[in-house]
Amino acid sequence: MKKGKTPSKSERFSDLIKKTIINFYIFIGGKGMKKVYTGKTKDVFELDNGNFELLFKDDCTGKDGVFDPGENSIGLTIEGIGRENLKTSVHYFELLKEAGIKTHYVSADIEKSTMEVLPAKVFGKGVEVICRYRAVGSFIRRYGEYIENGAKLDAYVEVTLKDDERCDPLVTSEGLEALGIMTQEQFDQMKERTRKITAVVAKDLEEKGLELYDIKFEFGFYNDEVILIDEIASGNMRVYKDGEIVDPMDLTKMILA
Ligand SMILES: Nc1ncnc2c1ncn2[C@@H]1O[C@H](COP(=O)(O)OP(=O)(O)OP(=O)(O)O)[C@@H](O)[C@H]1O
Ligand SMILES: [Mg+2]
């Protein structure tokens, strides 16, 4: 149904049918499932087997109706984007599995836009790791006095705390230890895994004629191990083609082609 037009009787009827089917599905599918977290772009449910289920929604972060994966608030809804992000994530989690790198990924149901994952504990209120092959974005905003935009970096790793109010501040390994968020040993494991995972993603992109400049991941703790959690979607990486940045929506299409 298009906006700004008074719906016809048959449109109202088909909308009612759609809503009834969705509600029925939620009723059936929701049995034995407890919602444990409502995120900005995903909801988290606890399954009967103890695992978590991530529901990829069509809500996107952005500002004033413009999609911006770097933003911290919900700006708009794009139909089908949740499922596309899930497909991209599955593509990379499967590649990581083939490469022998353990992650939280168990399985996915593309139709339902859901992914079953291992229930990890997040560090503090969540930490994010960035791996940089080229200096762009916030790296240039911070260190532009010392480095040219787009200059090569050697898989430079940095960590930020998930804290919208404080604009996701950068934190050192000593800071993480002093704050009781993570031990130095866990940090080292996370850094090593970040570099391995980034190499897998970069290789896949290279085969598609694309160059990875930087990428952001989330890690959690499960069974005494630091593992990759959450998603690996186009909005979490900066990718260039022939020196031009590729828009995340176009990037998803290229990755899944
Ligand atoms: N395997 C997992 N175990 C536990 N929690 C997980 C796992 N995978 C993802 N999560 C959590 O699920 C949530 C998904 O929500 P969502 O991606 O919408 O992000 P958010 O928390 O709202 O914030 P942001 O957009 O800044 O990432 C995140 O809080 C993430 O930490
Ligand atoms: Mg997230």
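Author: A residue counts as buried here when its relative accessible area is under 20%. Keep that cut-off in mind for the strand we start with. One caution comes before it: this is a predicted model.

Our strand is E8, residues 114-117. Which of its faces are covered? Both of them are. Thr 114 and Glu 116 are buried on one side of E8. Met 115 and Val 117 are buried on the other.

Now look at the neighbours of E8. Strand E3 covers residues 52-56. Four bridges join E3 to E8, and the two run antiparallel. Where does Leu 55 find its bridge partner in E8? The partner is Thr 114. Thr 114 also belongs to the buried set on one side of E8.

The other neighbour to visit is E7, residues 105-109. E7 and E8 also pair over four bridges, in the antiparallel sense. Here Ala 108 has Met 115 of E8 as its bridge partner. E7 and E8 make a hairpin, with four residues between the strands. In that hairpin, Ser 113 takes a positive phi near 65°. What holds such pairs of strands together? Strands of a sheet pair through backbone hydrogen bonds, either parallel or antiparallel.

Phe 56 is touched by Ser 89. Ser 89 also touches Glu 231, Ile 232 and Ala 233, with residues up to four places away in sequence left out of the count. Is Ser 89 buried or exposed? It is buried, because its relative accessible area is 0%, and buried means under 20%.

Ser 89 leads us into helix H2. How well does the length of H2 fit its residue count? At 1.5 Å a residue, its 18 residues should span 26 Å. The end C-alpha atoms of H2 are 26 Å apart, so the two values agree. Gly 100 follows H2 and has a positive phi, near 75°.

H6 takes in residues 248-256. Its buried residues are Pro 248, Leu 251, Thr 252 and Ile 255. Seen down the axis of H6, they fall within an arc of 105°, so they line one face of the helix. At the start of H6, a side-chain oxygen of Asp 247 reaches to within 3.0 Å of the backbone nitrogen of Met 249.

Phe 187, Met 190, Ile 197, Val 201 and Leu 205 are among its buried residues. Arg 193 and Asp 204 are also in that buried list. After H5 comes Gly 209, with a positive phi near 75°.

E5 brings in an open sheet. It holds three strands in the order E5-E4-E6, with antiparallel pairing. E5 and E6 stand at the edges with a single partner strand each, so one side of each is left without a neighbour in the sheet. E4 and E6 pair over three bridges. Asp 59 stands opposite Thr 77 in E6, and Thr 61 has Ile 74 as its bridge partner there. E4 and E5 pair over two bridges, with Lys 63 opposite Val 66 in E5. The hairpin of E4 and E5 has two residues between the strands, and Asp 64 takes a positive phi near 50°.

Last, the ligand. How many residues surround ligand 1? There are 19, and the closest are Tyr 37, Lys 40, Thr 41, Lys 42 and Glu 218. A polar side-chain atom of Lys 42 lies 2.6 Å from an oxygen atom of ligand 1. An N or O atom in the side chain of His 104 is 2.8 Å from a nitrogen atom of the ligand. Ala 120 uses its backbone: an N or O atom there lies 3.0 Å from a nitrogen atom of ligand 1.

Notes:
Residues numbered from 1 in each chain as written. Chains lettered and ligands numbered in written order. Predicted model: local features only at pLDDT ≥ 70, side-chain atom pairs only at ≥ 80, totals over all residues. Heavy atoms only, no water. Buried < 20%, exposed > 50% of the residue type's maximum accessible area, 1.4 Å probe, protein only. Arc of directions from axis to C-beta. Polar contact = N/O pair within 3.5 Å; in protein donor to acceptor, adjacent residues only side chain to side chain. Expected span 1.5 Å × (residues − 1). Pairing = 2+ DSSP bridges. Near = heavy atom within 4 Å. Contact = heavy atoms within 4.5 Å.
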